[in-house]
Amino acid sequence: SGQHKPHSLKKLIVTMQNDAGENVDLYIPRKCSWTNRILAAHDHGAVQINVANIDPVTGVSTKTSTTYALCGYIRAQSEGDEAFTALTKKNDATPSN
């Protein structure tokens, strides 16, 4: 009987639920704030930087921060400083002068 019979494969769908019974993802990968590339586990050049939010009136920290992630590709192309500066200016984290 030299015929090959295809195996029927059943997909295993794994979902994780919280205490309220809502479906939650097992893992949400980080993305580069500049390119939207997924930051894979093997991207050892990737960085995550937290920038303090400043009250524009008083100039004092609000004790909150904005998180930026940059992939290793951007940093390897020597564009990390440009990307970081543009992102912070876009979110009013740096002075305009």
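Trainee: Which residue lies over the face of Y73, and at what distance from the ring centre?

Mentor: A charge sits over a ring if NZ of Lys or CZ of Arg is within 6 Å of the ring centre and within 35 degrees of the ring normal. Here R37 lies over the face of Y73, 4.1 Å from the ring centre. This is a predicted model, where local features need pLDDT of at least 70 and side-chain atom pairs count only at pLDDT 80 or more, while totals for chains, interfaces and linings use all residues. Residues are numbered from 1 along each chain as its sequence is written, and side-chain values use heavy atoms, with hydrogens and water left out.

Trainee: What is the order of the elements from the N terminus on?

Mentor: Helices (H or I, at least four residues) and strands (E, at least two) are DSSP runs, numbered from the N terminus. The protein has 2 helices and 4 strands, in the order β-β-β-β-α-α.

Trainee: How many aromatic pairs does a search of the whole structure find?

Mentor: A pair of aromatic rings is described by the distance of the centres and the angle of the planes. Rings of Phe, Tyr and Trp (its six-membered ring) pair if their centres lie within 6.5 Å; planes under 30 degrees apart count as stacked, over 60 as edge-to-face and the rest as tilted. The search finds 1 aromatic pair. The ring centres of Y68 and F84 are 5.9 Å apart and the planes stand at 90 degrees, so the pair is edge-to-face. It links distant parts of the chain, 16 residues apart: Y68 belongs to strand β4 (residues 61–70) and F84 to helix α2 (residues 80–90).

Trainee: Is Y68 buried or exposed?

Mentor: Buried means under 20% relative accessible area, exposed over 50%, and partly exposed in between (1.4 Å probe, protein chains only). Y68 is buried, at 3% relative accessibility, whereas F84 is partly exposed at 24%. Of the 97 residues of the protein, 14% count as buried.
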